Amino acid sequence: MKINLLWGNGDPISGYVNVDPHSYDKENVTNGDVTNLDDIVEDSEATEILAGDIIDYLPFDIAIKAIGHWAKKLRHKGKLTVGGNDLYEISKIFSQRAIDLKEALDVLHGAQNKPWEFKASHTTVSDLAEILETHGLTVLKKRVNGFRMVVEAVRP
């Protein structure tokens with residue numbers, strides 16, 4: 001089973017179980033808690049979990065627990081991909097004046113146009129990789145493009 005975790009703003013992917021706590025009217029999307037997938041998938045059942053833009057919206061401690069929960073849902077050789085904004089890169093780009101204050105605030109705190117568009121925490125690509133490793137995963141790739149980060153890890 002492949003799972004795609006969304007946060008009110010992403011598009012569902014064909015061939016995946018798309019889970020979004022803020023989707024009540026989207027086609028091909030299951031309304032559910034992205035931090036607890038027990039109603040959707042058994043432990044060691046998922047072949048892939050995509051969490052492209054979730055962790056920034058969760059309080060830091062809840063994000064760490066969610067990553068541990070997602071790791072338990074992966075079968076052996078299952079892949080977890082987690083993305084977000086890298087706090088170090090945001091700070092660096094802002095200090096170099098490559099983005100203005102408004103853009104920096106939107107990236108750090110969310111667009112805040114809807115109740116779920118408020119960001120609650122940030123991390124860095126190296127810290128995210130360390131968190132994934134702490135939960136028993138092997139990091140395959142770490143990428144940063146601008147201030148966007150993605151870390152791919154596999155359950156051994």
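Reply: Helices (H or I, at least four residues) and strands (E, at least two) are DSSP runs, numbered from the N terminus. Here H109 is found in helix α3, residues 101-109. The model is predicted, so local features need pLDDT of at least 70 and side-chain atom pairs count only at pLDDT 80 or more, while totals for chains, interfaces and linings use all residues. Residues are numbered from 1 along each chain as its sequence is written, and side-chain values use heavy atoms, with hydrogens and water left out.

Me: Is H109 buried, partly exposed or exposed, and which cut-offs decide?

Reply: Buried means under 20% relative accessible area, exposed over 50%, and partly exposed in between, with a 1.4 Å probe and protein chains only. H109 has 38% relative accessibility, so it counts as partly exposed.

Me: What is a salt bridge, and how many does a search of the whole structure find?

Reply: A salt bridge is a side-chain nitrogen of Lys or Arg within 4 Å of a carboxyl oxygen of Asp or Glu. The search of the whole structure finds 8 salt bridges. One of them joins D43 and K73, with the closest N and O atoms 2.8 Å apart. D43 lies in the loop between β3 (30-31) and β4 (46-51) and K73 in helix α1, so this pair ties together parts that are 30 residues apart in sequence. K73 is buried, with a relative accessible area of 2%, whereas D43, at 43%, is partly exposed. D38, D43 and K73 are linked in a network of salt bridges.

Me: Which residue pairs with D53?

Reply: D53 forms a salt bridge with R148, where the closest N and O atoms are 3.9 Å apart. D53 lies in the loop between β4 and α1 and R148 in strand β7 (residues 148-154), so the pair ties together parts that are 95 residues apart in sequence.

Me: How does one look for empty space inside?

Reply: Rolling a probe the size of a water molecule over the atoms shows where empty space is left. On a 1 Å grid over the protein atoms alone, a cavity is a set of points where a 1.4 Å probe fits but cannot get out; lining residues have an atom within 4 Å of a point. Grid points are joined across faces, edges and corners, and a volume is the space filled by probe spheres set on the points. The search of the whole structure finds 1 cavity of 30 Å³ or more. The largest cavity has a volume of about 60 Å³.

Me: Which element gives the largest share of its lining?

Reply: Helix α1 does, with 4 residues.

Conventions: On a 1 Å grid over the protein atoms alone, a cavity is a set of points where a 1.4 Å probe fits but cannot get out, and a pocket is an open set with protein on both sides within 12 Å along at least five of seven lines; lining residues have an atom within 4 Å of a point.
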